[in-house]
Amino acid sequence: MNRTEALEIVKESIARVIPDPDFTALGPDDAFRDALEMDSLDFLGFVEALSERTGIRIEDEDAPELTTLSTSAAFLVARTT
């Protein structure tokens, strides 16, 4: 998986829990939980969607890597190569 594919998967996974997220106002290094007003349940839903979409098992200790679009994409690329 390349970075572009990973970013799309991250965005699709966010969109499963946040209706109509505004990604245009979100920079690659902005914390999307704050910017998109995700609560803990939303974040858990995002992680579950990401795991289902990719088949990657995501552990609690992986959460810090899933805070921005950029770090989330890097996480996926690292786990699939």
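Modeller: At 31% relative accessibility, Thr 67 is partly exposed. Keep in mind that this is a predicted model.

Biologist: Where does Thr 67 lie?

Modeller: Thr 67 is in the loop that runs between α3 (40-54) and α4.

Biologist: And why "partly exposed" for Thr 67?

Modeller: Because its 31% falls between the two cut-offs: buried is under 20% and exposed is over 50%.

Biologist: Which residues does Thr 67 touch, skipping those up to four places away in sequence?

Modeller: Asp 30, Ala 31, Phe 32, Arg 33 and Ser 72. Take Asp 30: 37 residues separate Thr 67 and Asp 30 along the chain, and their C-alpha atoms are 8.1 Å apart.

Biologist: What lies 3.4 Å from a polar atom of the Thr 67 side chain?

Modeller: The backbone oxygen of Pro 64.

Biologist: New topic. Is Ser 70 buried or exposed?

Modeller: Buried. Ser 70 has a relative accessible area of 18%, and the cut-off for buried is under 20%.

Biologist: Which helix holds Ser 70?

Modeller: Helix α4, residues 69-80. Leaving aside neighbours within four places in sequence, Ser 70 is in contact with Arg 3, Pro 28 and Asp 29.

Biologist: Now Ser 13. What is its relative accessible area?

Modeller: Ser 13 comes out at 1%, so this residue is buried.

Biologist: Where is Ser 13 found, and what does Ser 13 touch?

Modeller: Ser 13 sits in helix α1, residues 3-15. Not counting residues up to four places away in sequence, Ser 13 touches Phe 46, Ala 49, Leu 50 and Arg 53.

Notes. Residues are numbered from 1 along each chain as its sequence is written. This is a predicted model: local features need pLDDT of at least 70, side-chain atom pairs count only at pLDDT 80 or more; totals for chains, interfaces and linings use all residues. Side-chain values use heavy atoms; hydrogens and water are left out. Helices (H or I, at least four residues) and strands (E, at least two) are DSSP runs, numbered from the N terminus. Buried means under 20% relative accessible area, exposed over 50%, partly exposed in between (1.4 Å probe, protein chains only). Contact means heavy atoms within 4.5 Å. A polar contact is a pair of N or O atoms within 3.5 Å; within protein, one must be able to donate a hydrogen and the other to accept it, and residues adjacent in sequence count only if both atoms are side-chain atoms.
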